[in-house]
Amino acid sequence: MLAACATVANQPVNAPAPAARVHVASDGRPSEAANDDMLVALAFSGGGMRASAFSYGVLQGFAHTKVNDHGRQVPLIDRVDFVTSASGGSVTAAYFGLKGSVALADFRERFLLRDAEEALNTNIDLVNLSRAYNGGANEDAPLRNWLDANLFDGATLSALRTDRRPRVWINASDIYNRTPFVFGRTTFDAMCSDMADYPVAGAVTASAAVPMAFAPVVLQAYPERCNAPLAKWVTRAADSRDSPPLLQSYAKGVRSYRDGSMKYVKLLDGGLVDNFGLSGFTIALESAQTPYDPLSRVEAVRLRRVLFLVVDSGRGPQGDWASKLEGPTGIELIDAVSSAAIDASVHTSYSAFENVLARWRDNLVRWRCSLPAAETTRLIGAHANWNCHDVKMFVGRIGFDQLDAARAARLNAVPTRFKLPVTTVDEVIDAGEDALAASPVFRAFKQSL
């Protein structure tokens, strides 16, 4: 009887796009160039409020790091170009995308010290277990509405503009196609849906929708509402045998939103396919139409230093069942299986991402070195010491295991929840800033400047 009355299904809240807004999709960076020679990008992993606090601590470290800008010392946080995120990291990423460095002033009080679970069904009882079995213990509306009221103030994806820093990619998982779902123009144009009016809180909820705890977040495709072609790279990547596997599967998924084979796109936690949240940036690089995308030509010529840090809030192995013959069972078994799948995928995705960045750097240098001197002068002015090969990459990961063993053990014990004690929140924030300061990659980057 409980199962019969406990079915949970979310209603789509994305609207069809007005015909005038549908166009050939392009997530490319606008032509307006920044005034420095750095590219700074961050990936915020999943991990509930633990991930939100750890990534916030890293941003604090960026705020306390000064870099030279035409003779002025400015905070490095104001030079962050891109943030890509999954699950709990998406809360911090989205708020930072909306507010910039001002987000540091009140994010702790508005979110990290609050109980984001207060409107959710979190008890382990027969009713919630029945709801979980029949779709998920929670609908998406309670968390989406809570985030809107307490943090995002009704902001829509149109507020995450692409013509200013930082540009943000929020990643969820398309559980039918088993691919990343990146909340951006490519996917919404493929669905013929209006991205501009979709709530930021809805994207973050989808990114953090843990299976069984939440029913899948649903978006509706409206292929009959538009005739604009898909971006050329989508068709090319979907059909080419030489396409990188991630890009091809993503392109096939995007095409299915348009061809009528999928009426509803169902989304869960971005960590299911990519807990490091690297998908958005990886797809942007793999689908690049020029050797320098997602930069403008001016930025690509001026560029000398690239910093990409993965902020990893994942935990190590949990429980004592490895020391006993019995177990794991119940919730512990579910946690063990999901953690094994997630951790295996992130290790592979990180190695693959390093290769993608290395290829991008090689293509960029090859293009720069092919430019006539007159073209470089036209783009950035006369620079006697400009060197087409001078693009140095600094790629690293920041995690709990890079702190001392006792501290890492305490951080690993922090549960994956959206409600934590104040002392725990502050400990995780401090760990983020300290781990950044201790990072050899980050220190080398600062020294290179």
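Start with the cysteines. Number the bonded ones in sequence order and the pairing reads 1-2, 3-4. That makes two disulfides in the structure, a disulfide being a pair of cysteine sulfur atoms within 2.5 Å.

Before going on, note that this is a predicted model, in which local features need pLDDT of at least 70, side-chain atom pairs count only at pLDDT 80 or more, and totals for chains, interfaces and linings use all residues. Residues are numbered from 1 along each chain as its sequence is written, and side-chain values use heavy atoms, with hydrogens and water left out.

**Stop 1: the disulfides**

Select Cys-192 and Cys-226. Their disulfide has an S to S distance of 1.8 Å. Cys-192 sits in the loop between α6 (185-190) and α7 (200-207), and Cys-226 in the loop between β7 (217-220) and α8 (232-239), so the bond ties together parts 34 residues apart in sequence. Helices here are DSSP runs of H or I with at least four residues, strands are runs of E with at least two, and both are numbered from the N terminus. Cys-192 and Cys-226 are both buried. Buried means under 20% relative accessible area, exposed over 50%, and partly exposed in between, using a 1.4 Å probe and protein chains only.

Now select Cys-369 and Cys-388. Their sulfur atoms are 2.0 Å apart in a disulfide. The torsion about the S-S bond is about 90 degrees, so this disulfide is right-handed. The pair links distant parts of the chain, 19 residues apart: Cys-369 is in helix α13 (residues 330-370), and Cys-388 is in the loop between α14 (373-380) and β10 (392-399). Cys-369 is partly exposed at 33% relative accessible area, while Cys-388 is buried at 15%.

**Stop 2: salt bridges**

The chain next. A salt bridge is a side-chain nitrogen of Lys or Arg within 4 Å of a carboxyl oxygen of Asp or Glu. By this rule there are 22 salt bridges.

Select Asp-36 and Arg-165. Their side chains form a salt bridge, 2.6 Å from N to O. This pair links distant parts of the chain, 129 residues apart: Asp-36 lies in the segment before β1 (38-44), Arg-165 in the loop between α5 (141-152) and β5 (167-174). Asp-36 is buried at 13% relative accessibility; Arg-165 is partly exposed at 21%.

Go to Asp-390 and Arg-304. The closest N and O atoms of this salt bridge are 2.7 Å apart. Asp-390 is in the loop between α14 and β10, and Arg-304 is in the loop between α12 (297-302) and β9 (305-312), so the pair ties together parts 86 residues apart in sequence. Asp-390 is buried at 14%, and Arg-304 is partly exposed at 34%.

Then pick Arg-407 and Asp-434, a salt bridge of 2.8 Å, N to O. Arg-407 belongs to helix α15 (residues 405-412) and Asp-434 to helix α16 (residues 422-438), so parts 27 residues apart in sequence are tied together. Arg-407 is buried at 15%. Asp-434 is partly exposed at 34%.

**Stop 3: aromatic rings**

How many aromatic pairs does the structure hold? There are 23. Rings of Phe, Tyr and Trp (its six-membered ring) pair if their centres lie within 6.5 Å; planes under 30 degrees apart count as stacked, over 60 as edge-to-face and the rest as tilted. Show Phe-394 and Phe-445. Their ring centres are 5.8 Å apart and their planes lie at 75 degrees, so the pair is edge-to-face. Phe-394 in strand β10 and Phe-445 in helix α17 (residues 440-448) are 51 residues apart, and the pair links distant parts of the chain. Phe-394 is buried at 13% relative accessible area, and Phe-445 is buried at 0%.

Next, select Tyr-56, Tyr-95, Phe-107, Phe-111, Trp-146, Phe-152 and Phe-418, which form one aromatic cluster.

**Stop 4: helix α4**

Leu-129 is in helix α4 (residues 126-133) and is partly exposed at 47%. The buried residues of α4 are Asn-128, Ser-130, Arg-131 and Ala-132. Just after α4, look at Gly-135, with its positive phi of about 140 degrees.

**Last view: the whole chain**

Zoom out. The chain has 17 helices and ten strands. Of its 449 residues, 53% count as buried.
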